[in-house]
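Work through the exercises below with the sequence and the model open. Each task is followed by a solution in steps.

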Amino acid sequence: MPNSVLWAVDLFGRVYTLSTAGQYWELCKDSQLEFKRVSATTQCCWGIACDNQVYVYVCASDVPIRRREEAYENQRWNPVGGFCEKLLLSDRWAWSDVTGLQHRPLDGVALPSPHWEWESDWYVDENFGGEPTEKGGWTYAIDFPATYTRDKKWNSCVRRRKWIRYRRYKSRDIWAKIPSKDDPKELPDPFNDLSVGGWEITEEPVGRLSVWAVSLQGKVWYREDVSHSNPEGSSWSLLDTPGEVVQISCGPHDLLWATLWEGQALVREGINRSNPKGSSWSVVEPPGSENGVMHVSVGVSVVWAVTKDQKVWFRRGVNSHNPCGTSWIEMVGEMLMVNVGMNDQVWGIGCEDRAVYFRQGVTPSELSGKTWKAIVAARECDRSHSGSSSSLLSAGCFFGDEVRGSGESAPSDTDASSEVERPGPGQPLPAEPLDDSKNPTGSSASGPGAGRTAEETTEDACPAEGSRAAGPDTHPGPAPTPAELPWTNIDLKEPKKVPSHSAAGFPETSSLSSLGLLPLGLEEPYGVDDHPLWAWVSGGGCMVEACAMPRWFTVQAGLSPSVQTLSLSITPAQTAAWRKQIFQQLTERTKRELENFRHYEQAVEQSVWVKTGALQWWCDWKPHKWVDVRVALEQFTGHDGARDSILFIYYVVHEEKKYTHIFLNEVVALVPVLNETKHSFALYTPERTRQRWPVRLAATTEQDMNDWLALLSLSCCESRKVQGRPSPQAIWSITCKGDIFVSEPSPDLEAHEHPLPCDQMFWRQMGGHLRMVEANSQGVVWGIGYDHTAWVYTGGYGGGCFQGLASSTSNIYTQSDVKCVHIYENQRWNPVTGYTSRGLPTDRYMWSDASGLQECTKAGTKPPSLQWAWVSDWFVDFSVPGGTDQEGWQYASDFPASYHGSKTMKDFVRRRCWARKCKLVTSGPWLEVPPIAVRDVSIIPESPGAKRSGHSIALWAISDKGDVLCRLGVSALNPAGSSWLHVGTDQPFASISIGACYQVWAVARDGSAFYRGSVYPSQPAGDCWYHIPSPPRQRLKQVSVGQTSVYALDENGNLWYRQGITPSYPQGSSWEHVSNNVCRVSVGPLDQVWVIANKVQGSHSLSRGTVCHRTGVQPHEPKGHGWDYGIGGGWDHISVRANATRAPRSSSQEQEPSVLPEAHGPVCC
Amino acid sequence: MTDDKDVLRDVWFGRIPTCFTLYQDEITEREAEPYYLLLPRVSYLTLVTDKVKKHFQKVMRQEDISEIWFEYEGTPLKWHYPIGLLFDLLASSSALPWNITVHFKSFPEKDLLHCPSKDAIEAHFMSCMKEADALKHKSQVINEMQKKDHKQLWMGLQNDRFDQFWAINRKLMEYPAEENGFRYIPFRIYQTTTERPFIQKLFRPVAADGQLHTLGDLLKEVCPSAVNPEDGEKKNQVMIHGIEPMLETPLQWLSEHLSYPDNFLHISIIPQPTD
C-alpha cells in the first residue's frame, strides 16, 4: 500500500503531516507560514494562511508538472516571394492559436504565475499525425481553415506549422500563493474556509479537483480549472447561496455540503462530471433546533457533522442519488471538528484534549465505524527537543474502551525490570526537564527539530504552564493500572467521567493533562512530551485500510526509527556477523561430522508419508463436470535420498472404483484457476500441456486449497531439487489471474540444436499479485500491479498461500492490488418510449459482459475470485474507447457493432460501461516503489560475456500518465534504485524497452515508435527522440529490445521484426512481419524471442495466453523460423530478459565462421 | 543469499557418526562387532538405537539381556537429553566417530531414568514441548492444537521427517506482530563442571528499552561464570548444535532457529580444550 499522509494544523498554525508508515508528526517542509485551515488530497494540499490568503502546496514528485503551449505560424503563397508572412486581409493572424482566431505571437505567451518557469525555448513540431514532416514541420492546405497535409501540392496556397514550448510548475514542496490580482473581480473579503475534493468525479483532465472556498461574508466560491497540470486553477467564480455560509466540505465524489450561519446544512445537488459545480442547493435541518450544525464533512457516501454543543452526528442514507440523506444519528464523543478522508475514513479533533482521533472500524458495510481512537504519535521535534515544559502525557489522549488498559499483552507479571517507580499523586513532577545532552537522539536530530527557533519554544511552554497550574487539584490520584507501556500507568477509564465543558481551549486540556504523574526521562531516551494541541485535521490525502493500520496508536519504545523503516536490498540483520558465523559454522560442522562418515548407516530409515483428503475433480470424460474424488499424496524417499511423490485420484465411474495417478516429478506447473465459485487449481504435465487439458482439482475451502497447493508445490520442488530464491537468470511469467510464476532456465533452453522443449519447463509460483514483471540477470526484478503500483523483488520466496517451509522467513511483505470489473448496460431505441431496457428477443442481455453473451447484472456480478472484495460501488466508466456522451452512453446501429460517443440518426442501440473496483490483499517477496504509478518498465539485459561494470543498472519506465522515466541508482544491492529522472516527450508514451547496448525504444500512445539517441551509462537519459513510423496502417502497442534484435507488437496482435539495424543506423529501416495472434513479446539478452500467443491448438482444446518460444533464432537468422509451445491457458506476461545462459557450445556452432555484420549491435558490445 | 530456513534444515539433519561397542564385561556367545551409525543430533538415544540393540542381542543369550543403556568414557548417557546435547557436552573435543559403550546389565539407577518403551520418550518429549510453549505463549499455541498435530510433531521426530515436523512446529515459533518475540525464551544451560543438571530461568527476548537480548546478555544474567572475561583468555565454549554462536546473536533468533525439536535451546558450556 502506498504511504500517504494525514495533514493537521496545531493551535499555533503550524502544519504537520503524519505518514501512514511513520510514527511521528513531521513539520511541513515549508514552515514559514502559519495556517488556519488545510484541505489535503494525495497530490497537494490547499490551505488558508493567517494572512487570509489561499495557498497550495504541491507535493514534490520525480515527474514534473509540464504544460505545453502551442502557437501556429501561418503563411500564404504568393507568386512573387513564394510562401511568406504576408497574408490576405481576410486571413488569420500570421501567428495564431490552432483555430486561427486568436492572435498569438511567440513573445506574447506569458507564464500564468510566478510559480511557473519555461523549460526551453520555442521549437517547431516536426511530427504530424504520427509521421515525421519534412522541411521544418510545414503542413499545407488549399486555404485556411482546411485539412492540412504533409505534402505540398500544386494547389497548396497556404501552409502552417506548429511551435511548441513547455512550461514547468516550479513551486513544489512549498506553499505557493494563489494569485488573486489576476481576477477580474477583486475579491471582496478574505476567505474563511476551504475544501478540496471531487477527484473521483472525472479524470478529464488528469488530476482534476474541485476547490471550494467560503469568504468571511458567507459567500461560496469555486476555483475553476484546477488539475494536475494546472495546480493553481485559473480564477474564482461566485455561486449564489440561500444564506450566509460559514463552512464547506467537498467529498471525493459528488457530495458537497456546507453549513449556514443559522445552523442548517446546505446540500449541493446536480454535481456530475459535466457540471462539477452542481446546479442547486437544498437545505437540511440540524438534528435539534437549539443546537445548529457548526461543522460538516463529507466523503463518498457519508456525511458527518458537529453541532454547536460539540456533539458528533452521522447522516444516514446519503448517496449520489440522495445527497441529503434521511436522518441524523448521534455518535459517542465530543469533537471540535471532524474530517472525512479517503475510503470514508474519519478523523476528528477531540474537544477536551485537542488530540487527533481516528474513527476505528469504518468499513463499507459499517460506515459509521465503532470507536474513536487517539493518535498518540509524537511530533518529530519532540524527539530531539524535549522542551521547556515538564513532559506530561495527557491522559486525554486515551479515552474510549479500545485503549486497552489491561495487562494481557503487557510485560507486567514477573518481570521486575519493566516496573517503573511511580511517585504518588501529589508528588511534584520532576523539576528538571530532560537534559538534551542526555538524549541520544538529540545530537543526531536535524531538520525541523533542530531548526526550531526560540520563539517557537516559548509558544510550546504555554499549554504546559496551564496544565501545571490546574493539575493536581482537579484529579485525585488515579488508580494505576498496568498499561501497555511502563510509563503510561494511568487510569484509562478516568477521562470518561470528566464532565464535558462547553468551550474548547487550554483550560479543559490542562484539567486532563495532569493525570499523567510520571517519572520521566529516567529510562527513556526521550521524554514523551505534552501532546500537541491540534486545531484542524485533513485526511483527504490519507489512505488507511483496516488490514494495515498505521502504527499511530501506541507510543513506540526505544527502537530507533531507522531500524523500523524497511530497507530493501539487505537488511542490517542479514549481513550481521553473527548470522554469517552461524551459517559458516553449520557448514563446517556438517563437513566435519558427516564428510568422512557418509558410508555409515542412517539410524532412522525413511518411510512413506501419505496425506489424504477429499477434493473435486473436473473429469476427463464427457460430459465434463466436477466429481467428488478422494486424493492421496504419497511421498517416499529413494536410496539416493531424493524425494519423490505420487498423487492418486480415486474416483467412481459407473459404480466402479478407479484411480488415476500423477508423478509429481513430471508436473510442470500448478496453477490457481480464476473461478468465482470454486477454489480450484490446475496441474500440468508436459503431456497435459500439449493437450491443453490440465488436471483440474477444487477444494471446498480456500484454506484447504492453499494447503494442497503448498504441499503439492513443495513436493514438486523437492523432486526437482528446486528451492530457495529463484536464480538471477530465472524466467518470470504472470497469469491472467495475476499469479506470478518463475522457471529456472536450463542451459539447453536456448541451444541452437535440440533446445529443451518449452513444455518441459518447470514453473513454480511466487507469492504476490502483479500484472507484469521484468527482470535482468543481476537479480533486479520489478513488477507492476493492476493498479499500476511499482514493486521491486526483495529476494525472498513464497508468501501468498505458500507458508511455512515453502516461504522464506524474511523479505515477505503484504501486497495489495486493485482492479475494476466492467459490465455493460444495453438499450434499444423504440419509436414510442425512446431508449429502454426492453430489447428485441434476439438481442443480447440488457445487462451483459463486453461480448453480450453472458448476463451480468449489478447485483449478480461477483468479484473475479473469492480472493477479491468489492471496495467501491458501481460507477459509470466514461473512459471507454470510442468516447461516450455525458451519461456515459455509446451508440451504434445495432449490436454488436462499433460504438461511438454521440447519437446519430442511424443509431438504434446504445450501451454504457459500468465499473466497480475490487481489491485483493496477499503477501509476497515484493516491496512497493513509491510514489509514482507506472504502466511499463524495462531493465537493461546483461550482454552475455560482458564484464560487469560499476555502472548502475539502466531501468526505464512509463508512468501511468505516459511520462517516460529513467530510474537512477539501481544496482544488484539496491534493486529499487533511488529516484526517477524524467525524460521529456511531446506526447504520452505506452511502452518502453532498453536493449543490452543501451538502445532505448519506446511506443507512444498514438501507436508510433521512437528511438532514444545517445543513451550511455554516463548519460542515462540520452539526448533526443527519433521518430520511427509504425508498420503501415498499424498502431504499435509494445516493443522489446534484446541484444541487437528489436521486436514490436501492434494492437491487432501482429509481431514485427525491425530490419536493417546497424551500428551506424540503430533505428533500422523497416518492419517485417513475423507472426500474428501475439499479445506480448519478450526479447532476451541472447536475442531469444518469447511471446504470449493466443489460439494455440492442443490435442484436447484450444488455449489462449500460451507461452511460446521462437525456434531457429540464430545470429544470421534473428527472425527464427517457427514456434515451440509451452505452458498455456491464461498466461498474460513473460520476461526472459534475465536469461543470458548460453547453451554449451556444440561442434556445429564452432564451425560457424563469423557472424554476419548486421548481426552486430548498433554499438559493439 | 542464504536463507534462515536453511539453518533449520542444517540443524535438523545434523548427524553424529557413532561407533557402538559392547561393554567388555557383557557375556556374549561370540565376539560382538562394533556397530556404526549416523545418529540424528536432534533425536534421543533410545529412539534411534533399535538397530544397535538388535545387533548386540544377536550375540547374547536371552537371559543376559535386560534394559539397554549407554555410557561414554564412564558417564552414563541420559536418554532424555537430545543426542546433540550429549555429544556437545561430553565428547565435542574428542575425535570422531563418537565411541559409545553399550550395556545390558547393572542399570545405573541413580544416574538414569528407565525407558521402558517409546511411549516414555514421547511423553517426555511432549512435556518438554508443552513447557516450552508455556514459556513462549502461555501454552496458548500448543493447547489450541489438535491431538493429531501433537501426533504429527512426534511422528515427525520419530521418522526424521523435517517437513512433517515443521509444518506444525512453525506455529510454535510464531509470536504476535506487535511484540518483538516470545514471552520468555525456553532454554537450558548445561555445564559439566557443576553438580546441578542445568540452569533454567525466566528470561525475555527483549529488554525493557526495546533492545533485543543477545546470547551474551542471557549468559551474563543467568550464568556469569560462563562468560569469558573481556581481557582474559577464552576459558569456555558456548555450544549449541556443535557450533559456537557469537554472543551478539539475538536470543529470539536463536530460539526460533537453533532450538531442538522440544523447542528448548540446549546450551552447553564446556571448558575450552587445551591443545
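**Exercise 1.** Determine how helix 1 and helix 8 of chain B pack, and which residues form the contact.

Solution. Helix 1 (residues 4-12) and helix 8 (residues 162-172) of chain B have axes that come within 11 Å and cross at roughly 125 degrees. That angle makes helix 1 of chain B oblique to helix 8 of chain B. Angles under 35 degrees count as roughly parallel, over 145 as roughly antiparallel, 65 to 115 as roughly perpendicular and the rest as oblique. Axes are lines fitted to C-alpha atoms, for helices over the stretch in contact, and angles run from 0 to 180 degrees between N-to-C directions. Helices (H or I, at least four residues) and strands (E, at least two) are DSSP runs, numbered from the N terminus.

Next, take the contact, meaning heavy atoms within 4.5 Å. Helix 1 of chain B contributes Leu8(B), Arg9(B) and Trp12(B), and helix 8 of chain B contributes Phe162(B), Phe165(B) and Trp166(B). By class, these residues are 5 nonpolar, no polar and 1 charged. Ala, Val, Leu, Ile, Met, Phe, Trp, Tyr, Cys and Pro count as nonpolar, Asp, Glu, Lys and Arg as charged, and the others, Gly among them, as polar.

The model is predicted: local features need pLDDT of at least 70, side-chain atom pairs count only at pLDDT 80 or more, and totals for chains, interfaces and linings use all residues. Residues are numbered from 1 along each chain as its sequence is written, chains are lettered from A and ligands numbered from 1 in the order in which they are written, and side-chain values use heavy atoms, with hydrogens and water left out.

**Exercise 2.** Describe the packing of helix 8 of chain A with helix 1 of chain B.

Solution. The axes of helix 8 (residues 577-594) of chain A and helix 1 of chain B are 11 Å apart, at an angle of about 30 degrees. On the chain A side, Arg579(A), Phe583(A), Leu586(A) and Arg589(A) take part; they meet Asp4(B), Val7(B), Asp10(B) and Val11(B). The contact divides into 4 nonpolar, no polar and 4 charged residues.

**Exercise 3.** Classify the ring pair of Trp304(A) and Trp372(A).

Solution. Rings of Phe, Tyr and Trp (its six-membered ring) pair if their centres lie within 6.5 Å; planes under 30 degrees apart count as stacked, over 60 as edge-to-face and the rest as tilted. This rule gives 55 aromatic pairs over all chains. For Trp304(A) and Trp372(A), the centres are 5.9 Å apart and the planes 65 degrees, an edge-to-face pair. Trp304(A) lies in strand 26 (residues 303-307) and Trp372(A) in strand 31 (residues 371-374) of chain A, so the pair ties together parts 68 residues apart in sequence.

**Exercise 4.** Locate the cis peptide bond between Leu96(B) and Pro97(B).

Solution. The bond from Leu96(B) to Pro97(B) has omega near -5 degrees. Pro97(B) is in the loop between helix 4 (83-91) and strand 5 (98-103) of chain B.
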